Amino acid sequence: MLTVSDELYEAICRRTSTFDGRVYIGIVSTKIVCFPSCRSRQPKRENIRAYSTLLEATQDGFRPCKRCRPEQPKGESPAAELFRNVEKIMTSRFEEPLTLQWMAQELYISPTHLQRTIKEFTGLSPAEHLTRIRMARAQELLLAGSLPIATIAKQVGFRSVSHFTVRFQRFFNVSPALYRRARHDGNG
Ligand SMILES: [Zn+2]
């Protein structure tokens with residue numbers, strides 16, 4: 001049996017799927033075993049027993065929940081699901097100063113785990129991956145209209161336009177202004 005950590009209990013309360021597939025929770029009051037993200041009930045912490053396999057839980061007398069069906073393998077691996085959640089944060093909140101620490105907290109995992117997951121799926125460090133997302137968005141914004149470069153810099157998460165320009169130049173080998181001009185000229 002596993003300890004019900006604060007992180008696990010948080011995931012159960014918030015019904016996030018971070019631990020699904022890695023942890024099965026038996027609810028003492030109902031004798032049912034669930035994925036931690038199960039939406040059917042909000043168990044009291046003292047009524048939760050955590051197991052690393054479903055078998056251990058059923059051997060302890062818990063029956064698989066009819067709602068979350070812990071006996072059926074999830075279509076997606078826990079790591080893939082975690083990465084999908086990472087992407088959701090990174091691609092929707094890149095204008096914020098996203099730190100590894102903050103994102104790890106949002107996802108109820110350790111910064112090391114987050115770093116490893118991003119590396120596994122992208123081959124990049126979290127900072128590099130985030131830069132890639134920001135640069136792709138900057139590219140779109142530069143081509144989409146006539147927003148001032150300072151505004152674009154801010155919208156993709158840079159506090160200063162000079163920092164943004166340096167980073168953009170390093171990434172694409174061309175300054176944002178030149179990039180926009182060249183593309184516009186090229187398109188007639
Ligand atoms: Zn359930």
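**Zinc site and overall fold**

In this predicted model, a zinc ion is held by the SG atoms of Cys-34, Cys-38, Cys-65 and Cys-68, at 2.2 to 2.4 Å. The chain around the site has nine helices and four strands.

Zinc site

- The site of the zinc ion is tetrahedral, with angles of 104 to 120° among its four donor atoms.
- Along the chain, the donors of the zinc ion are spaced as C-x3-C-x26-C-x2-C.
- Distant parts of the chain are linked by the pair Cys-38 and Cys-65, which are 27 residues apart.
- Cys-38 sits in the loop between strand 2 (32-34) and strand 3 (48-51), while Cys-65 sits in the loop between strand 4 (63-64) and helix 3 (78-92).
- Cys-38 and Cys-65 are both buried.

Fold and overall shape

- The order of elements along the sequence of the protein chain is α-β-β-β-α-β-α-α-α-α-α-α-α.
- The protein chain is more spread out than a compact globule, because its radius of gyration is 22 Å, well over the 16 Å that the globule rule gives for 188 residues.
- The C-alpha trace of the protein chain spans about 70 × 30 × 25 Å along its principal axes.

Contacts and surface

- Of the contacts in the protein chain with a separation of 6 or more, 59% are between residues 24 or more positions apart.
- Of the 188 residues in the protein chain, 37% are buried.
- The protein chain has an accessible surface of about 10600 Å², and carbon and sulfur atoms account for 51% of that surface.

Definitions and conventions: Residues are numbered from 1 along each chain as its sequence is written. This is a predicted model: local features need pLDDT of at least 70, side-chain atom pairs count only at pLDDT 80 or more; totals for chains, interfaces and linings use all residues. Side-chain values use heavy atoms; hydrogens and water are left out. Donors are N, O and S atoms within 2.8 Å of the metal (3.2 Å for Na, K and Ca); water is not among the atoms, so sites may look incomplete. Four donors count as tetrahedral if all angles lie between 85 and 135 degrees; four count as square planar and six as octahedral if opposite donors are over 155 degrees apart and all others between 65 and 115; anything else is irregular. Helices (H or I, at least four residues) and strands (E, at least two) are DSSP runs, numbered from the N terminus. Buried means under 20% relative accessible area, exposed over 50%, partly exposed in between (1.4 Å probe, protein chains only). The radius of gyration is taken over C-alpha atoms; the globule rule is 2.2 Å times the number of residues to the power 0.38. Contact means heavy atoms within 4.5 Å. Accessible areas come from the Shrake-Rupley method with a 1.4 Å probe; for residues, only the protein chains shown count as cover.
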